[in-house]
Amino acid sequence: AYVTNRKPLERLVFGSLITTQSELKLPFTFLSGHIHELRIHVPWTKLGSEPVVITINTMECILKLKDGIQEWGLKGYVQSLIRRVVNNVNIVINNLILKYVEDDIVLSVNITSAECYTVGELWDRAFMDISATDLVLRKVINFSDCTVCLDKRNASGKIEFYQDPLLYKCSFRTRLHFTYDNLNSKMPSVIKIHTLVESLKLSITDQQLPMFIRIMQLGIALYYGEIGNFKDGETEDSTCHNKDMLGNIAGAEDETRVDTQYPAQYKGQELYSQQEDEQPQGWVSWAWSFVPAIVSYDDGEEDYLGNDPTSTTHQHKAQTLKDPIVSIGFYCTKATVTFKLTEMQAESSYYSPQKVKSKEVLCWEQEGTTVEALMMGEPFFDCQIGFVGCRAMCLKGIMGVKDFEESMNRSETEACFFICGENLNMKGLTYLTNSLFDYRSPENNGTHAEFILDAANHKETYTEIAGMQRFGAFYMDYLYTMENTSGKGSANQQDFSSGKSEDLGTLQEKSTKSLVIGPLDFRLDSSAVHRILKMIVCALEHEYEPYSRLKPDIKGESETVLNPEEVASLEEYIPTRHTSVTLLKCTFTIFMAEFNLLDHLLPVIMGEKNSSNFMNTTNFQSLRPLPSIQILVDKINLEHSVPMYAEHLVHVVSSLTQPSDNLLHYCYAHCYLKIFGFQAGLTSLDCRGSYCVPVPIIPSFSTALYGKLLKLSTCWLQRFF
C-alpha cells in the first residue's frame with residue numbers, strides 16, 4: 001500500500017526538522033522545504049516479520065544562518081557543541097594506585113574504582129547542559145574501596161614488615177555544583193564541591209604515628225611554601241614567616257600582585273618589599289594560579305568579536321573580572337581513630353620471618369563532622385570546622401598492665417575518659433546544613449545560594465551560639481579578609497590585578513580565629529594518662545629533619561627611617577591576628593594513681609633516649625573506692641592577639657626615637673584569660689561507677705588574668721645597648 005497524498009506528510013516531516021533544529025540548537029533557520037516523492041510501504045499481511053519502509057525521493061530544504069550568526073560563523077556552533085560534549089563526559093578509573101616515598105616512609109593510596117558523571121536536579125545520572133532557565137551544571141564523583149597504607153622501608157628500599165592499613169576500603173561520594181552567569185560564560189561564578197563519607201575508620205600504630213605526623217608536616221610546609229627554602233649557608237627571606245598564608249590562599253606571586261598583599265601604609269616604608277625570585281610560593285597559591293589557565297574568564301562572545309589583547313573591549317573586561325566563589329566541604333557521619341601498639345612475633349620455625357602483631361590501646365569516636373571552606377580570590381577566605389559529639393576510650397592493656405582486657409569485666413563507662421557534645425541521633429543532620437547533601441539547601445530547591453563575603457555580616461551571622469546550635473561539641477571559625485577603605489566598595493569587588501595603589505586605596509587585613517568547645521567531661525586516671533603519654537613518646541621517636549628552620553635574627557646594617565607622615569600613616573591601622581578559645585561547662589576529674597610507670601615515659605618526653613618498650617609484669621587490680629578531685633568550670637575564655645607582620649613592625653618601631661604608646665602596644669603579644677564559676681571538691685568513685693557527694697574545697701569564684709610578651713626582644717636590646 002502506498003500513500004500518495006504528501007501534503008500532510010510534508011508538514012509532518014518538516015515539522016520534525018524544525019523541532020530537531022530547535023532541540024540541537026543548530027545555527028540555522030529553516031525557511032521552506034519540498035518533497036518531490038514520498039513512498040511509505042506497509043506490509044499489511046506481514047507486519048510482524050517485515051519492516052515498514054519509508055522512501056523519500058528528492059527533498060529540498062532551504063536554510064539560512066540565524067540573525068547575528070554571520071559574525072560568528074560555524075565556529076560559534078562548534079564551541080557550543082564541544083561544551084555540551086565536555087559537560088557530559090563520563091570518566092571511569094579502575095585500580096588507581098598512588099605512592100609517595102620519602103626517607104623511610106612509603107605512603108600508598110589504592111582506589112578500586114572512581115567514576116565521574118553528569119547528573120540532573122535529583123542527582124541522578126542524566127545528559128544535561130546549561131540553559132537560559134537553568135544556568136547550573138551538576139556532577140557526581142563516586143570513589144569505591146579507598147585503601148591507604150603507611151609503611152616503613154629499610155636502607156635498601158624494601159618493606160620488611162607491613163603495617164595495618166591507615167584506611168581500609170572506604171567509599172565516599174562527591175557532588176559538584178557549578179553556577180554560571182550566562183550561557184556564554186566559560187568560568188562558573190559559583191563552584192561548590194562537597195564530599196560525604198558515611199563511615200571513616202582510621203587505624204594508626206606506634207610505628208606509623210611519627211610517619212603520619214611527618215606527612216602532616218609535609219602538607220603544612222607545602223601550604224606555607226617552606227619546601228626547598230633552606231640550603232647550607234642560606235637563610236630564609238624574612239617575609240615568608242610573616243605572611244598570613246590563609247589570607248594569601250589565592251595569590252599569584254607576581255609583580256602585579258605585590259601591592260595587594262600588604263596595607264598601603266607599609267608599602268611606602270618599604271616594609272614588605274620583595275622580589276619575585278625570592279618569594280616562596282605556597283602550594284594552594286600555586287594550584288590557584290592555574291585556574292585562569294584551565295578555564296578562561298572571558299565570555300564566549302569574545303571569541304566571535306576577536307581576541308586581540310590590545311582591544312579596548314578585552315582590556316575593559318580584564319579589569320572588571322571577578323573571582324569565582326568557591327565552596328569546598330567535607331562531611332563525615334561517623335569517624336573512628338584507633339591507636340595501636342605493635343610488637344614482633346616470631347614464627348615457630350627458625351627460618352620463618354618475624355611478623356608484626358598490633359594491639360589496640362586507645363580509640364577516638366566522632367560523629368557529625370564538618371569541614372567547610374569558602375573563598376573568593378584573595379580578599380576573602382573562611383574555614384569552619386565542627387562536629388556534633390566525640391569520646392575517647394581506653395582499650396585492652398598498656399605497657400603490660402591489663403587494665404581493660406576482657407577478663408577484667410570493666411564497664412564501657414569506666415573505659416570512656418573523655419566525652420564532649422551530643423549524640424547524633426538526638427541532634428539530627430544539622431552538620432549537613434546548606435550542603436549539597438542537605439535536601440533543604442538552596443541548590444536542591446532550585447534557588448541560588450547567598451554567601452556572606454564581608455567581615456561585619458560574617459561576625460553577626462556566625463556567632464558562637466550559632467556554631468554550637470549547629471554542632472554541639474566543637475566549632476571553629478577562621479576568617480581572613482582584605483577590605484578596601486577608600487570608599488569605593490569592599491575589596492572583593494575591586495580589581496586586584498592592576499596593582500595600582502591609587503586605585504585600590506588602603507587595604508586593611510583582618511585575621512580572626514574563634515574556637516568553641518561545648519560541655520565536656522574529662523576523667524584523668526592512670527589508664528588515660530599512660531596512654532596519652534605513650535602516644536607522645538611514640539610521636540617523638542624519629543630522626544626526621546625538619547622541613548624548614550627558623551633563620552637567626554639578623555638586623556640589617558641600614559635601618560628604615562620614617563618621616564612623620566609615614567609614622568602617622570602606620571598608626572592608622574596595623575593588621576593583627578586575633579584568636580579566641582572558649583570552653584563551656586567543663587568537668588575535670590583527677591583520680592589517684594592506680595599504677596605508675598611514668599619513669600619509663602617522662603625521660604623520653606624530656607629529651608632523653610631511654611627505651612619506651614618497657615613491659616610491666618605485675619597484675620592490675622582495680623582500687624575502689626578511688627579518691628579524686630573534681631573541678632567544675634562554667635566558662636573559660638582565652639583571647640590572644642599578635643601583630644600580623646611582627647618582624648617588620650618591630651624592626652621599624654624599634655628604630656624610632658620616641659615611638660607612641662599605640663605603636664608599642666602592637667609590638668606585644670597580648671593574652672587575656674577569663675574564668676567563670678570555678679569550683680573544686682573531693683569525691684571518690686565506688687565499684688558501681690558512681691561518685692559520692694563532693695566535699696567542697698574551693699568555693700565558686702571568677703577571675704581574670706592578663707599578660708603580654710614583647711616580640712623579638714633582641715631588636716629592643718640592640719636599641720639600648
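This note goes through several local features of the predicted model, point by point.

1. Basis of the values. The model is predicted, so that local features need pLDDT of at least 70 and side-chain atom pairs count only at pLDDT 80 or more, whereas totals for chains, interfaces and linings use all residues. Residues are numbered from 1 along each chain as its sequence is written, and side-chain values use heavy atoms, with hydrogens and water left out.

2. S435. This serine sits in the loop between α12 (424–427) and α13 (455–461), where helices (H or I, at least four residues) and strands (E, at least two) are DSSP runs numbered from the N terminus. S435 is buried, its relative accessible area being 0%; buried means under 20%, exposed over 50%, and partly exposed in between (1.4 Å probe, protein chains only). A polar atom of the S435 side chain lies 2.7 Å from the backbone oxygen of L432. Once neighbours within four places in sequence are left aside, S435 is in contact (heavy atoms within 4.5 Å) with H194, Y331, S441 and N444.

3. Nonpolar surface patch. V78, L81, I82, V85, V86, V89, I91 and I93 together form a nonpolar patch with about 640 Å² of accessible area. Such patches are made of residues with over 30% relative accessible area and no salt bridge, nonpolar side chains (Val, Leu, Ile, Met, Phe, Trp, Tyr) being joined within 5 Å, and the areas come from the Shrake-Rupley method with a 1.4 Å probe, only the protein chains shown counting as cover for residues. The elements that give two or more residues to the patch are α3 (74–87) and β3 (91–102), and α3 gives the most, with five. V89 has its place in the loop between α3 and β3 and is partly exposed at 38% relative accessible area.

4. Aromatic pairs. Rings of Phe, Tyr and Trp (its six-membered ring) pair if their centres lie within 6.5 Å, planes under 30 degrees apart counting as stacked, over 60 as edge-to-face and the rest as tilted; by this rule there are ten aromatic pairs. W364 and F418 are stacked, because their ring centres are 5.8 Å apart and their planes stand at 25 degrees. This pair links strand β9 (residues 355–376), which holds W364, with strand β13 (residues 416–421), which holds F418, the two residues being 54 apart. W364 is partly exposed at 30% relative accessibility, while F418 is buried at 16%. F417 and F522 make a tilted pair, with 6.4 Å between centres and 45 degrees between planes. Ring pairs link W364, F417, F418 and F522 into a cluster.

5. Salt bridges. The structure holds 19 salt bridges, each a side-chain nitrogen of Lys or Arg within 4 Å of a carboxyl oxygen of Asp or Glu. R125 and E115 meet in one of them at 3.1 Å, N to O; R125 is partly exposed at 48%, as is E115 at 24%. E198 and R173 meet at 3.5 Å, and because E198 lies in strand β7 (residues 190–205) and R173 in strand β6 (residues 167–179), the pair ties together parts that are 25 residues apart in sequence. K359 and E405 form a salt bridge whose closest N and O atoms are 3.0 Å apart. Salt bridges with shared partners also join R410, E414, E594 and R624 into one network.

6. Helix α19. This helix (residues 646–654) is mostly covered, nine of its nine residues being buried.

How values were computed
Polar contact = N/O pair within 3.5 Å; in protein donor to acceptor, adjacent residues only side chain to side chain. Patch = residues over 30% accessible without salt bridge, like charges linked within 9 Å, V, L, I, M, F, W, Y side chains within 5 Å.
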